[in-house]
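Visitor: Please pick one part of this model and take me through it closely, together with what surrounds it. I would like the cut-offs behind each term as they come up.

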Amino acid sequence: MKLTKKLEAEILKVYHTYWDAYLKGDMKTFGSMLDDNITVFGTAVSEVFVNKKETVRFYKDTADQMTGKADFRNRKIRLQAVNDNILTNEQCDLYILIDKKWAFYGHARITAIFQQTKSGWKVVHQHGS
């Protein structure tokens with residue numbers, strides 16, 4: 001697969017919608033973008049999930065920690081075609097709302113793999129640290 005400008009724009013739109021939904025607590029949209037067999041590696045050792053149901057449950061259970069309280073800034077996103085999939089690699093700064101002020105929390109690195117399905121591009125793998 002060749003990563004054209006059109007395909008890159010399409011993937012970036014999906015990617016941003018995915019993370020915007022998560023940061024706003026829109027679990028319906030967020031969940032709709034996951035493949036049923038997604039694999040997720042989170043920041044903690046216990047945050048390993050091997051399907052959509054487990055992944056959505058975790059994000060729902062922890063949404064109150066992030067919804068309206070976290071923001072990705074200084075985002076650098078790279079895309080790469082890997083066979084029939086698209087790999088996204090993001091490095092950004094994570095800011096957290098503390099006492100009504102945004103504070104730098106740390107650098108974040110996020111990798112996701114998107115796969116084309118009958119219902120559109122879906123996240124099949126995600127890793128964040």
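Guide: Strands E1 and E6 run parallel and are joined by four bridges. Elements are DSSP runs numbered from the N terminus, a helix being H or I over at least four residues and a strand being E over at least two; two strands pair if DSSP finds at least two bridges between them. Residues are numbered from 1 along each chain as its sequence is written, and side-chain values use heavy atoms, with hydrogens and water left out. This is a predicted model, in which local features need pLDDT of at least 70 and side-chain atom pairs count only at pLDDT 80 or more, while totals for chains, interfaces and linings use all residues.

In general, strands of a sheet pair through backbone hydrogen bonds, either parallel or antiparallel. E6 is largely enclosed by the rest of the structure, because seven of its nine residues are buried. Buried means under 20% relative accessible area, exposed means over 50%, and partly exposed is in between, computed with a 1.4 Å probe on protein chains only.

Thr117 belongs to E5. The backbone oxygen of Gly120 is 2.6 Å from a polar atom of the Thr117 side chain. A polar contact is a pair of N or O atoms within 3.5 Å; within protein, one must be able to donate a hydrogen and the other to accept it, and residues adjacent in sequence count only if both atoms are side-chain atoms. Thr117 has a relative accessibility of 22% and therefore counts as partly exposed. Apart from neighbours within four places in sequence, Thr117 is in contact (heavy atoms within 4.5 Å) with Asp35 and Lys122.

The sheet as a whole is open, with six strands in the order E2-E1-E6-E5-E4-E3 and mixed pairing. Its edge strands, E2 (48-49) and E3 (70-82), each pair on one side only. E4 (residues 85-98) pairs with E5 (residues 101-117) in the antiparallel sense over 14 bridges, and Gln91 stands opposite Arg109 of E5. Helix H1 (residues 5-24) packs on this sheet, touching E1 (34-41), E3, E4, E5 and E6 (120-128), and its direction makes about 145° with that of E3. Helix H3 (residues 52-66) also packs on the sheet, where it touches E1, E2, E3 and E6; its direction makes about 60° with that of E1. For these angles, axes are lines fitted to C-alpha atoms, for helices over the stretch in contact, and angles run from 0 to 180 degrees between N-to-C directions.

Leaving aside neighbours within four places in sequence, its contacts include Ile11, Val14, Tyr15, Trp121 and Val123. Phe114 is one of the residues with the most contacts inside the largest nonpolar core, along with Tyr22 and Phe30, and that core has 33 residues. H1, helix H2 (27-32), E1, H3, E3, E4, E5 and E6 each supply at least two residues of this core. H1 gives the most, with nine residues. A nonpolar core is a set of buried Ala, Val, Leu, Ile, Met, Phe, Trp, Tyr and Cys residues joined through side-chain atoms within 4.5 Å.

Lys100 lies in the loop between E4 and E5, with a positive phi near 65°. Asp99 is exposed, with a relative accessible area of 73%, and Lys100 is exposed at 82%.

For the setting, the chain contains three helices and six strands, arranged α-α-β-β-α-β-β-β-β from the N terminus on. The radius of gyration is 15 Å, close to the 14 Å that the globule rule gives for 129 residues, so the chain is as compact as a globular protein of that length. That radius is taken over C-alpha atoms, and the rule is 2.2 Å times the number of residues to the power 0.38. Buried residues make up 38% of the 129 residues.
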